[in-house]
Amino acid sequence: MQSKVPLDPIPSVVDGTVGKIAYVEAGNEGPCLLLVHGCPGSRRDFRWWMQDLSEWAHVIAVDMPGYGEARPTAFPPTTSGRSAYLSEVLDVAGVRKAYVVSHSFGSTVAVDFALRYSERVLGVGMLAPAGPRMHMGLRRFHGRSLFYRLATLPVVGDKALLRLKKAMTVAGFSKYLEPDEILRMLELLEHFRFRDYAAQLLDLEVPAWVAHAADDPFIEYAIVEELVACLGKPRFHVLGEGGHNIQKTMAVELNDALKAWICEP
């Protein structure tokens, strides 16, 4: 069930060590939840979930480097660069430890962050997560490396990005995506390796919680089952429906499930 009230506070935007940092906060008591969106995406991906979460937790939703208000950015377009960014967000917000709750491709940085900054992570939550091998949404995107090379060329690059934006809109992504956000996505994918992520999943030692809808059109259920197997024994919350953006469509159910995992282990 979708929450009745979206929450989208005015973001705090500050200068980090190598680029802009942008995030919003809600709630001021309880455990800290650091919400990490997918690729592409923004903090607004969580606005239908934040109202419920903020009633029992201190919620921080970030704009990852190159998205939302955190652009332009000089943070490296790599998983390790994104992890360094999350650490700076917590520093700026005055938070020492948090539960890192991610959506979609954001799970890759949540896991990396939990391994590199284990002293700051209480647990990792994953909504409709990328798994240890390429999912359906990426397999459809056969020409991503070619698009990346074309996108960096003058004149041709602008046309390539506009063409890709149209294709992504048809596929279900936001029509408000900016060309530089799409370019950032291509940069991230160019540097990403699923085999490295699969190895990280096996190394993860903090508690984990996974939620996924059986009708997700981008990430198939079988791949999420493989992720769950890599993690050992995470709390696995399966939804019969809800699509890919379950933090919006199933906000009420996920709020109850996440709260139970954190507050009633």
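Mentor: Before we start, a term: buried means under 20% relative accessible area, exposed means over 50%, and partly exposed lies in between (1.4 Å probe, protein chains only). This is a predicted model, in which local features need pLDDT of at least 70, side-chain atom pairs count only at pLDDT 80 or more, and totals for chains, interfaces and linings use all residues. Residues are numbered from 1 along each chain as its sequence is written, and side-chain values use heavy atoms, with hydrogens and water left out.

Trainee: Thanks! Is Ser102 buried or exposed?

Mentor: Ser102 is found in strand 5; strands (E, at least two residues) and helices (H or I, at least four) are DSSP runs, numbered from the N terminus. Its relative accessibility is 0%, so Ser102 counts as buried.

Trainee: Which residues is Ser102 in contact with, leaving aside its neighbours within four places in sequence?

Mentor: Contact means heavy atoms within 4.5 Å. With those sequence neighbours set aside, the partners of Ser102 are Val36, Ser107, Ala110, Gly125, Met126 and Leu127.

Trainee: Ser107 and Ala110 bring us to helix 3. Which residues of helix 3 are buried?

Mentor: Helix 3 is mostly covered, with nine of its 11 residues buried. Its cover includes strand 3, helix 2, strand 5, strand 6 and helix 8 (194-203). The buried residues are Gly106, Ser107, Thr108, Val109, Ala110, Val111, Asp112, Phe113 and Ala114.

Trainee: Good. Which residues touch the most other members of the largest nonpolar core?

Mentor: A nonpolar core is a set of buried Ala, Val, Leu, Ile, Met, Phe, Trp, Tyr and Cys residues joined through side-chain atoms within 4.5 Å. The largest one holds 56 residues. Those touching the most other members are Leu34, Ile60, Val62, Tyr85, Leu86 and Met185.

Trainee: And what is Leu86 in contact with, beyond its neighbours within four places in sequence?

Mentor: Leu86 belongs to the largest nonpolar core, and two of its partners, Val109 and Phe113, are among the buried residues of helix 3.

Trainee: Now the backbone. Where is the cis peptide bond with Pro40?

Mentor: Pro40 sits in the loop between strand 3 (32-36) and helix 1 (47-53). Omega is about 0° for the bond in question, and it joins Cys39 and Pro40.

Trainee: What is omega for the bond from Arg71 to Pro72?

Mentor: Pro72 lies in the loop between strand 4 (58-63) and helix 2 (79-93). The bond from Arg71 is cis, with omega near 0°.

Trainee: Ser104 has a positive phi; what is the value?

Mentor: Ser104 is in the loop between strand 5 (98-103) and helix 3 (106-116). At 11% relative accessibility, Ser104 counts as buried. It is a residue other than glycine, and its phi is near 55°.

Trainee: What about phi of Ala128?

Mentor: Ala128 belongs to the loop between strand 6 (121-127) and helix 4 (136-139). With 0% relative accessibility, Ala128 counts as buried. Its phi is again positive in a residue other than glycine, near 45°.

Trainee: Last one: what separates the C-alpha atoms of Ala198 and Gly131?

Mentor: Ala198 is in helix 8 and is buried, with a relative accessible area of 17%. Gly131 is 67 residues apart from Ala198 along the chain, and the separation of their C-alpha atoms is 7.6 Å.
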